[in-house]
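Morning, everyone. Please bring up the model, and we'll walk through it.

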Amino acid sequence: MGMMKLVLQNFKSGFKNYLSLVLSLSFTVLVFLNFQNILYSDTFEVLGTRNRDYIGILIQLTSFVLGCFMVFFIWYSTNVFLTRRKREIGIYVFMGLSNQRIGKMYLAEILLTGLSALGLGLISGMMVSGLFQMILLAISDLTVEIRFAPSLKPALVTGAVYLIIYLFFAVMGYFNIVRSSVLEMISAAKQNEYVRQNRAALVVKAVLGTGVLCQGYGLALKEGRSNVMGNAFGAVILVTVGVYFLFGGLIPLVFQTLARRKHFLYRRGRVLWMNSVIFRMKKNYRTYAVVSVLMLCSVTALAMGFAMKGRYDNIIQFENTYTFQLLSSRSDLDGQARERIEREDSIVMSSRIPVLTLDGSLVEARESYSKYAFVAYSGLKQLAMDAGMELTFEEPGEDEVFKISHLYLLSLITDRADVRIGINGKSYRQTGDSSEPYLGYLQESMSFYVLNDREYVRLLPLGEELYAYNYRIGDWERFGKVRESLDVLVEDGPQNHTARVAIDPKSNELDWVKVMYSICIFMFLVFIFASGSILFMKLYNDAFEEKERRRVLRKLGVDEAVLRRAAAAELAVAYGLPFLVMGVSSLFSVGALGKMMFTNLLGVNLVSALVVFGILVFWYGLSLWACERGEGGI
Amino acid sequence: MNENVVVEIKNLVKDYGAKGFQTKVLKGIDFTIQKDDFIAVMGPSGSGKTTLLNILSTIDQPTMGTVVLDGQDVTRMSNRELSRLRRDKIGFIFQDYNLLDTMTLQDNIALPLSLSGVSGRECVERVGKLAERFGLVEHLKKYPYQLSGGQKQRGATCRALITEPEIIFADEPTGALDSKAGRELLECLKGVNESHQATILMVTHDPFCASYARDVYMLSDGRMICRISRGGDRKEFYDRIIDMQTSMGGELSWG
C-alpha cells in the first residue's frame with residue numbers, strides 16, 4: 001500500500017474522530033471570514049466617512065484578536081492531534097518506516113484535516129455572511145441595505161492567514177516527529193503514568209498564585225489618574241499569571257489534600273471521580289487556565305460593549321437636551337431669538353444663563369484649556385428650574401467649586417478625591433461633579449465650574465461674561481428652517497460676537513459605537529463558544545483514555561449509574577472550575593471597567609456570567625453524552 | 001440448595017456465531033463450587049476456559065443452562081442486578097491486574113468497598129488489614145506504575161477480597177508474573193483460602209499454578225472431562241496434573 005493510500009485510508013476511517021477538530025477549525029475560519037467580509041464590503045459606506053473609518057479600525061482590531069485566537073486554537077488543536085497520532089504512528093516504526101516518512105504521513109494527514117476545515121469554513125462562511133451582517137446591523141440598530149454579494153478577496157485573505165498559521169504548526173509537528181526518538185514515539189502510548197506532584201512545589205505555586213492573583217485584583221480596583229492604563233495592563237498580566245498558578249498550584253493542592261483524607265474520599269463514590277480530577281489536572285491545567293482567561297476577556301469585552309451602548313444612549317440624550325444654543329456677548333438676544341424660532345416652529349423649553357469665561361493663563365486645573373467657563377450657583381438654579389431639571393448639589397462655599405461636565409465614553413481617571421483648581425492664585429476645592437446636561441451640547445464641548453454667587457461676582461472683572469441661550473423646538477422636522485432663521489443672529493464683530501450651536505437630532509456620527517457594541521456581543525459569543533469547544537475537545541480526548549477504565553470498572557461490577565455520576569462530577573469540575581475562576585475574576589475586571597465608564601456594570605456581569613453558564617452547560621451535556629457513549633479520542 | 005454451595009452450574013451451553021454457522025464452545029457443563037473450595041480449571045487453547053469464566057462471572061450470557069450464585073440464577077438477572085451481584089458477591093483477579101492508574105494502591109483496594117457505601121473509617125481499616133497480610137503496607141501510597149507486577153497482582157487480589165465476596169474468579173492470575181512473584185501470589189491465595197476467607201475458582205494453563213488448588217477440573221472441547229483432587233503433597237499433585245495433561249494429548253496447545 002502506498003503512503004498516500006494509507007494516509008487517505010487513515011483519514012477516511014478516522015474521520016469521525018477528527019470531526020470535532022475539523023468543525024472547530026472551520027468555525028474559526030467562518031468567523032474570521034465574516035469579519036473580513038465586512039471589512040471589504042461597502043455595507044457601512046452609507047454611515048459616512050467617519051463612521052466607516054472607525055468601524056474599519058474596529059473590524060481590523062477584531063480581526064487581529066481573532067487572528068491571535070486562530071494562532072492559539074490551531075496550535076492547540078494540532079498539538080492534540082499530534083499527541084494522539086504519535087501514539088498510533090509510533091507503531092509504523094516497527095514496520096521499518098523512517099521518521100521522515102512517518103513525519104510526511106503526519107503532514108499529509110494533518111493537511112487533509114486542515115484543508116477540509118478550511119473548505120468547510122469558507123463555504124459555510126460565505127453562506128452565512130449575509131445573515132451575519134444582518135444580525136450585526138440588527139443588534140447595532142442600524143438600517144443599512146445589505147447586498148448578498150460574496151467577494152473573493154475576504155476569502156483569499158482568510159485562506160491565506162489560516163494556511164500560514166496552519167502550515168507553520170503542521171511543519172512544526174513534522175519536525176517534532178522527525179526529531180523524536182523511537183522510544184519516545186512508542187512510549188507516547190504509555191504517557192498515562194501519574195506523576196505525583198511535589199507537595200512543596202504545589203504549596204509554593206499556590207502561595208505565589210494566590211498572591212499574584214490578589215495583587216492583580218487589587219490593581220484592577222485601584223483608583224488612579226495617569227497610571228490607570230499601567231494599572232489595567234499590570235492587572236491583566238497578574239491575573240493571567242495568577243490564574244495559571246491557581247490551576248497549577250492551589251486547585252490541585254486542595255484536591256490532593258482532600259484525597260489524602262480517606263474518610264472523606266471514600267464517601268459517596270468520591271474515590272472514583274476525585275482521583276480522576278487530580279490525574280487530569282496535572283495534564284489539563286494549562287487548558288483550564290487559558291479557557292478561564294479567555295472567558296474572562298470575553299465577559300469583560302461584553303461588559304465594555306454594554307457600557308459603550310449605555311454611554312452612547314446617554315450621550316445622544318445629553319446632546320439633544322436643547323436643539324439650538326446661542327453663546328453671545330449680548331445679554332438681550334433672547335427676544336430676537338425667540339421671535340426667529342417661533343416664525344418657523346414652537347419652543348417647548350428654553351433657558352438662559354450668564355457664563356464667565358476666563359483665560360487659560362489665569363486657571364490651574366488638571367485638564368488644561370485655553371478658556372475656562374464659570375457659572376454662578378443662582379444662575380444655574382434658575383436655568384435648571386426653567387429646563388425642568390433638578391439641581392442636585394448645594395451652593396459651593398467661597399473656596400469651593402462644583403464641576404458640570406459631559407459624559408465620557410471612557411475615562412482613564414478613576415481617582416476623583418481631593419481635586420483642586422486654582423483661579424488667579426486662589427485655590428478652590430472641587431466638591432463634586434455632575435454630568436446632568438444643564439447646558440446641553442455646550443457642556444459637551446467644555447466643562448463648566450459652578451461658583452458661589454459672591455465669588456462669581458468677585459471674579460467677573462478678570463474675564464468676559466457671555467450669555468448662553470438654550471431652546472428646544474417642538475417639531476424636529478423643521479430643524480433646517482429654524483437653523484437658517486437663527487443664522488442671521490450669528491456675528492463676529494469687534495463689539496459683539498454670537499455663536500450658534502445646532503444639534504441635528506438625526507445625526508449619526510456616533511453610529512460606530514453601536515457597531516462596536518454588537519461586535520462586542522458577537523466576540524463574546526464567539527470566544528465563549530470557543531472556550532467551551534476547547535474544553536470539549538480536551539475532555540473528548542480524555543474520554544478515549546477513560547474507555548478502558550470504564551471497561552475495568554464495569555467488570556468489577558460498578559453500576560452504570562455510579563459511572564455516570566462519577567463522569568458527571570468529573571466533567572462538572574472540569575467545566576465548573578474555569579467558570580468559577582472567570583466569575584470571580586470578572587467581578588474585578590468588570591468592576592474596574594465600570595469605574596472607567598462611570599457606570600455600574602454588575603447587572604451586565606451577572607447576565608453575561610449566566611450566558612457563559614448556559615453555553616458551558618451545553619458543552620458539558622455534550623461531553624457527558626460522548627463520555628456515556630464511550631466516544632472520544634482525536 | 002445446600003447452604004455450603006456457592007455456585008451451581010447445570011447444563012451450561014454456549015454457542016457463538018450466526019444461525020447456521022454456530023460453534024459450540026461449551027457443550028453442557030455441570031459442576032458445583034462449595035464454600036472454601038479452591039478450584040483450578042485447566043484446558044488447552046480453545047477448550048472454553050475463558051468462556052466459562054466469563055459466564056460464571058456474569059460478563060457473558062450462556063445460550064442454555066443455569067448458573068446459580070448465592071441462590072440466584074444469574075442468567076435471569078437484569079444488568080443492574082448483575083452489576084450489584086458482581087460488586088457484592090464476586091471478586092475478580094485479572095491477568096493484567098486492571099488496577100486504575102489514576103489511583104493509589106490504597107484507593108484501588110478500597111474502591112469496591114467505598115462504592116458499596118461502607119464508611120471511610122471501615123474502608124481504611126479493612127484495606128490496612130489486607131495490605132498487611134499481603135505485604136503491601138509500605139506500598140499503599142504508591143501508584144500502580146510505581147509497583148512491580150507481583151505487587152500489582154497482590155494489590156488486585158486485595159481489591160478482590162476487600163468486599164469479602166462469596167467467590168473469587170481468577171483469570172490466569174500469574175500469567176504476567178515471573179516465577180517468584182507468581183509463587184508468592186499463589187501462596188497468598190492458598191493462605192486466604194485455607195483460612196476460610198475465600199472460595200476461589202481459577203482458570204489457568206499452568207500446571208504449577210493449578211497445583212496450588214485443591215481440585216483441578218480439566219476442560220476439553222467444551223466438556224469437563226475429569227477432576228483431580230489434591231491429597232496431601234503439592235508436588236505429587238503437580239505430577240498428577242502433568243500426567244493428566246499428557247494423557248489428554250500433549251500435542252494440544254495449553255495456553
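**A hairpin, a helix pair and an interface**

Strands E6(A) and E7(A) make a hairpin with two residues between them, and Asn424(A) in the turn has a positive phi of about 50°. Strands here are DSSP runs of E, at least two residues; helices are runs of H or I, at least four; both are numbered from the N terminus.

A word on the source. This is a predicted model: local features need pLDDT of at least 70, side-chain atom pairs count only at pLDDT 80 or more, and totals for chains, interfaces and linings use all residues. Residues are numbered from 1 along each chain as its sequence is written, with chains lettered from A and ligands numbered from 1 in the order in which they are written.

Back to the strands. E6(A), residues 420-423, pairs antiparallel with E7(A), residues 426-434, over four bridges; pairing takes at least two bridges found by DSSP. Ile421(A) has Tyr428(A) as its bridge partner in E7(A). Strand E3 of chain A, residues 363-364, also runs antiparallel to E6(A), joined by two bridges. There, Val363(A) stands opposite Ile423(A).

Next, the interface. Contact means C-beta atoms, placed from the backbone, within 7 Å. By that rule, 25 residues of chain B touch 24 of chain A. On the chain B side, H3(B) gives the most, with six residues.

Last, the helices. H10(A), residues 270-319, packs on H18(A), residues 602-628, at about 135°, axes 10 Å apart. Axes are lines fitted to C-alpha atoms over the stretch in contact, and angles run from 0 to 180 degrees between N-to-C directions. The contact includes Met295(A) of H10(A) and Val604(A) of H18(A).

Conventions. Two residues are in contact if their C-beta atoms, placed from the backbone, lie within 7 Å.
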